[in-house]
Amino acid sequence: MADNFNLVSVLGVLLVLTIFHNPIMVYAGEGVSNVALFTFGDSYYDAGNKVFLSQKKDLPQIYWPYGKSRDYPNGKFSDGHIVPDFIADFISIPNGVLPPALKPGVDISRGVSLAVADASILGAPAESMTLNQQVAKFKTMKSNWNDSYIGKSLFMIYIGTEDYLNFTKTNPTADASAQQAFVTSVTNRLKNDIGLLYSLGASKFVVQLLAPLGCLPIVRQEYKTGNDCYEPLNDLAKQHNEKIGPMLNQFAKSSTSPNGFQFTVFDFYNAVLRRITTGRNLNYRLYVTNSSCCGVGTHNAYGCGMGNVHSKLCEYQRSYFFFDGRHNTEKVQEQLAHLLYGADPSVVLPMTVRELIVYPTGETMREYWEPNKASIRRRPSGDPYFGFSTI
């Protein structure tokens with residue numbers, strides 16, 4: 001009995017150490033139904049749509065070193081796969097790659113990416129699409145799938161970065177009242193667009209909170225903050241993030257069977273902080289977290305892939321958190337995808353993506369989003385690891 005107890009204890013310690021020092025590895029496994037994946041948003045989720053929408057033929061993402069880890073540039077803003085690709089692989093979409101909606105002749109039977117680089121929630125971005133326009137595009141494609149299949153499929157959304165970067169640049173002296181008004185405008189439009197998707201038959205939503213935008217290498221470089229983050233942008237991201245959970249709760253609580261609104265929220269903000277905070281980053285085998293692998297400038301944050309820029313390239317991209325000034329390396333993208341698909345509830349609430357897929361379609365939710373105080377605190381605690389877990 002004692003030997004068995006000791007064996008269990010040792011195995012338990014090994015499991016904890018494995019979780020602490022490595023990304024959680026999860027697989028789709030049995031019991032996950034055949035569903036489609038639809039993604040909406042900006043360059044974080046763009047599978048190549050910008051390439052087909054832009055009149056420019058020299059876009060940086062179609063040139064090396066983008067795609068470096070996969071031996072070819074693929075129109076994505078990373079050295080390889082991005083989060084939706086890994087999710088596609090987890091749910092057994094062929095080749096583990098989600099096709100761009102604007103590419104002619106692709107197989108869209110298991111879903112499609114409608115995300116476009118430079119997309120925003122408000123405004124009219126040049127050679128891009130607002131979230132509302134992406135939803136409109138989905139509406140024109142909707143007949144490719146039956147209503148039942150759409151209802152049980154995943155709809156992932158990550159957008160808002162462009163809105164707040166542009167607002168901060170054009171309104172550098174905006175006071176708290178102006179900031180709050182802008183955040184309200186952005187989130188109200190986001191709510192409207194999610195409502196439109198719901199009216200088109202979508203019922204399972206995965207919404208990713210904004211990253212700490214002030215910690216992007218391109219922001220540190222442009223605002224000359226050195227190793228510090230630019231807190232005004234982080235504050236805007238937090239104000240935005242704190243409205244998402246309650247918004248989705250409202251959708252879910254006001255829905256009824258057989259048209260139940262189901263969702264989960266990925267706390268991307270804190271997932272990023274855990275990986276870029278000095279002293280914590282080594283737990284994830286990330287050794288450079290404030291500068292980019294590819295680019296030029298104080299933080300190597302500008303010009304990756306541009307033909308007229310002699311950008312630098314790091315020797316080993318897997319030791320970096322950021323590949324370029326705004327986007328993550330494939331290694332980090334894979335970590336984030338594993339968090340989304342099967343993480344601890346402190347990271348994705350109120351259920352994992354896998355749980356969302358198998359949750360009976362059309363039923364109302366039994367659990368809802370609850371606030372993680374650390375993810376919406378406007379200023380950091382004196383304890384730099386406040387609210388952090390090993391995940």
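Start by selecting C304: at 5% relative accessibility, C304 counts as buried (buried means under 20% relative accessible area, exposed over 50% and partly exposed in between, with a 1.4 Å probe and protein chains only). This is a predicted model, where local features need pLDDT of at least 70, side-chain atom pairs count only at pLDDT 80 or more, and totals for chains, interfaces and linings use all residues. Numbering runs from 1 along each chain as its sequence is written, and side-chain values use heavy atoms, with hydrogens and water left out.

Then show what touches C304: leaving aside neighbours within four places in sequence, the partners include P60, P65, Y66, F323 and D324 (contact means heavy atoms within 4.5 Å).

Next stop: helices α10 (residues 268–276) and α11 (residues 330–342). They pack at about 135°, axes 12 Å apart; axes are lines fitted to C-alpha atoms, for helices over the stretch in contact, and angles run from 0 to 180 degrees between N-to-C directions. Pick F268, A271 and R275 on α10, then Q335, L336 and L339 on α11, to see the contact.

Finally, select the whole chain: 13 helices and 10 strands, with buried residues making up 56% of the 391.

Conventions. Helices (H or I, at least four residues) and strands (E, at least two) are DSSP runs, numbered from the N terminus.
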